Amino acid sequence: MTTKAYSYLRFSSSAQARGDSLRRQLEAAEAWAAERPHIELNTTLRDLGVSAFKGDNRVKGALASFLERIKQGQIERGSYFLLESFDRLSRESESQAIHLLTGITLAGVKVVTLIDGNEYDETADAMELMRALIVMSRSHNENKARTDKVAKAWKEKKEEARRTGKVLSRRGPAWTIYSDVSGRFEPIKEKKLIVERIFDE
């Protein structure tokens, strides 16, 4: 008798699509399943370019659909849910992340973090849940620190732009191009005509 295992593959940005993330996650799931002949592996559960920091993956996309299938009883008890690590599942606050984990395990689905081989089910004790919580907390805080750093850098750039008139970004309206000579956005003749025609009409 086979047992189903659902591998959840996720990364946040389109830039990561050009990297190694997807291949690494997929290979880890396949290696885990290969050691267990009774496992039927499903690798279609993917949220590519979807953030977990604000729970976008939890409320829309593949993860949201999977959670709904669990709720509807369409995922068999005893099935496995495979993650490279907890940061693939959630980077939200600790309370939201642990709630998400226990919501899955209490429905009878076992969660496996492939990076360390740990398994969590509905019988998880305090120490196991504390271990999960510590990892989740680190993921959330790392992401928050990175987000705050980027926000601060943009705030400083905007303040400098207001103070000096310096262009904030070389990416302007699609009908213009930045000129290194003038330090301004110059209209592209052909596109400028189209914009003018739109306003005239």
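**Contacts and packing**

A: Of the contacts in the protein with a separation of 6 or more, 62% are between residues 24 or more positions apart; contact means heavy atoms within 4.5 Å. This is a predicted model, where local features need pLDDT of at least 70 and side-chain atom pairs count only at pLDDT 80 or more, while totals for chains, interfaces and linings use all residues. Residues are numbered from 1 along each chain as its sequence is written, and side-chain values use heavy atoms, with hydrogens and water left out.

Q: OK, how many helices and strands are there in the protein?

A: The protein has 7 helices and 7 strands, with helices (H or I, at least four residues) and strands (E, at least two) taken as DSSP runs numbered from the N terminus. Along the sequence the pattern reads β-α-β-α-α-β-α-α-β-β-α-β-β-α.

Q: And what share of the residues count as buried?

A: Of the 201 residues, 32% do. Buried means under 20% relative accessible area, exposed over 50%, and partly exposed in between (1.4 Å probe, protein chains only).

Q: Now the largest nonpolar core. Which residues touch the most other members?

A: Phe81, Phe86, Leu89, Ile104 and Val111, out of 22 residues in that core. A nonpolar core here is a set of buried Ala, Val, Leu, Ile, Met, Phe, Trp, Tyr and Cys residues joined through side-chain atoms within 4.5 Å. At least two residues of this core come from each of β1, α3, β3, α4, α5 and α6 (126-164). Helix α3 gives the largest share, 5 residues.

Q: Which residues does isoleucine 104 touch?

A: Leaving out residues up to four places away in sequence, isoleucine 104 touches Leu67, Ile70, Phe81, Leu89, Val109 and Val111. There's also a second, separate core of 9 residues, including Ala5, Trp32, Ala33 and Val112.

Q: Back to α3. Which of its residues are buried?

A: Ala62, Leu63, Ala64, Phe66, Leu67 and Ile70, in a helix covering residues 62-71. The buried residues of α3 pack against β1 (3-11), β2 (39-48), α2 (56-59), β3 (80-83), α4 (86-89) and α5 (94-105). Glycine 73 follows α3, with a positive phi near 75°.

Q: Switching to rings: how many aromatic pairs does the structure hold?

A: It holds 6. Rings of Phe, Tyr and Trp (its six-membered ring) pair if their centres lie within 6.5 Å; planes under 30 degrees apart count as stacked, over 60 as edge-to-face and the rest as tilted. Tyrosine 8 and phenylalanine 81 are a stacked pair, because their centres are 5.9 Å apart and their planes at 25°. Tyrosine 8 sits in strand β1 and phenylalanine 81 in strand β3, so the pair ties together parts 73 residues apart in sequence. Both are buried.

Q: What about phenylalanine 86 and tyrosine 120: what sort of aromatic pair do they form?

A: A tilted one, 5.3 Å centre to centre with 55° between the planes. Phenylalanine 86 is in helix α4 and tyrosine 120 in strand β5 (residues 118-120), which puts them 34 residues apart. Phenylalanine 86 counts as buried at 3% relative accessibility, and tyrosine 120 does at 2%.

Q: And which residues form one aromatic cluster?

A: Tyr6, Tyr8, Phe66 and Phe81.
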